[in-house]
Amino acid sequence: MSDLIPFNKPYFSGNESRYIEEAVRSGKISGDGMFTQRVHRFFEEQLGFRKVLLTTSCTDALEMAALLLDVQPGDEIIMPSFTFVSTANAFVLRGATIVFADSTALNPNMSAADLEQLVTPRTRAIVPVHYAGIACDMDAIQQVADRHGLAVIEDAAHAIDSYHRGRPLGSLGNMATFSFHETKNIISGEGGMLVINEGRYDARAEVIREKGTTRSAFHRGEVDKYGWVDVGSSFLPSDIIAAYLWAQLEQMDDIQRVRRAVWQRYYHALAPLAVQGIGLPVVPDYATNNGHLFYLICRSLAERTALLAHLKARQVWAVFHYLPLHRSAYYAAKHDGRTLPWADYYGERLVRLPLFYELAEHDQQRVIEAVLDFYFNPA
């Protein structure tokens, strides 16, 4: 039997070690060094984000967004149940009540159809999550937000280099957050980024990111000393992390080309599963595909369990994704009791297949054949 095909393998483009050494030799490896500034310029000048700040994780970027909104105990935040726990935790830490929205029948993204009825006088923000790098229906979401004066915070952890009607995801809400975790397209091991699309948040964001101090302004010579002026935390990553990330960004076009090709091979090879009632990813006409992840939707929980066992026996490591948060041990009792049938549907049936830059075609073919054998040639 061939070696195990992992679910993910972090990509090393080649210049990461050299840039890390450069950062070390520069004598400044704490935050906001030369590589941090290069990364900031890349996103602001080449991708057109208004202002960005690197953070130690996407989770930290979400926590910064909650602080910038001044979320208070009892405020309500609308978000999908089908998401990673960080989306909710950032606001729960501020005392907010999470109001979960269901997914769509089309894909796991948050449904905009029922948003209006979830809004109350306590609602402060809507947090759409662009699952698999595929855009939510941002037009409909923004319309609800505008009618009620709500902030929109895009959780774009999956969504680098993906678009909604030609605009990059992350540029649509008041703020947005990205992840550079090793499972993402562009990585730094751990790492994240806050995108700020409204100038009124700029100055305070820098203060919050630097432990509640005016340190950033001090280093630019804008103030003669720095002090503690607000709440904050240590959200600023080392320049060593930024150095690794810069090497990745230099190769982003190539990384994206390869990942999209892997995604397309899966899609075309597994298209026959549709006759068996197996779901494949759906990309609406307003969205693009950034090759972040490829999933299948099984017909039942039992079938998914059997498929994962079958793949494991074939030395293929696949995973399921996610347990809906309204059913989590921590938040189930706090949920308002509404049924969320589509979140449950994806929670019980979705399988993610291996997808990474160095997934060789012959290994991907092994994955494809293992899946097809499960459905068309059962033992």
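Author: Gladly; let us begin with Ala125, which stands opposite Ala151 in E5. This is a predicted model, where local features need pLDDT of at least 70 and side-chain atom pairs count only at pLDDT 80 or more, while totals for chains, interfaces and linings use all residues. Residues are numbered from 1 along each chain as its sequence is written, and side-chain values use heavy atoms, with hydrogens and water left out.

Reader: What makes strand E4 and E5 a pair?

Author: Pairing requires that DSSP find at least two bridges between two strands, and two bridges join E4 (residues 123–126) to E5. The two run parallel. Strands here are DSSP runs of E with at least two residues, helices are runs of H or I with at least four, and both are numbered from the N terminus.

Reader: Why is strand E5 called largely enclosed?

Author: Buried means under 20% relative accessible area, exposed means over 50%, and partly exposed lies in between (1.4 Å probe, protein chains only). Five of the five residues of E5 (residues 151–155) are buried, so the rest of the structure largely encloses this strand. Ala151, Ile153 and Asp155 are buried on one side, and Val152 and Glu154 are buried on the other.

Reader: How do you know that there are zero disulfides?

Author: A disulfide is a pair of cysteine sulfur atoms within 2.5 Å, and a search of the whole structure finds zero. Take Cys58: the closest cysteine sulfur, in Cys136, is 14 Å from its own, too far for a bond. Cys58 counts as buried at 8% relative accessibility, and Cys136 counts as buried at 0%.

Reader: Why is helix H10 described as roughly parallel to helix H13?

Author: Axes are lines fitted to C-alpha atoms, for helices over the stretch in contact, and angles between N-to-C directions run from 0 to 180 degrees. Angles under 35 degrees count as roughly parallel, over 145 as roughly antiparallel, 65 to 115 as roughly perpendicular and the rest as oblique. H10 (residues 252–270) and H13 (residues 361–376) pack at about 30 degrees, with axes 11 Å apart. That makes H10 roughly parallel to H13.
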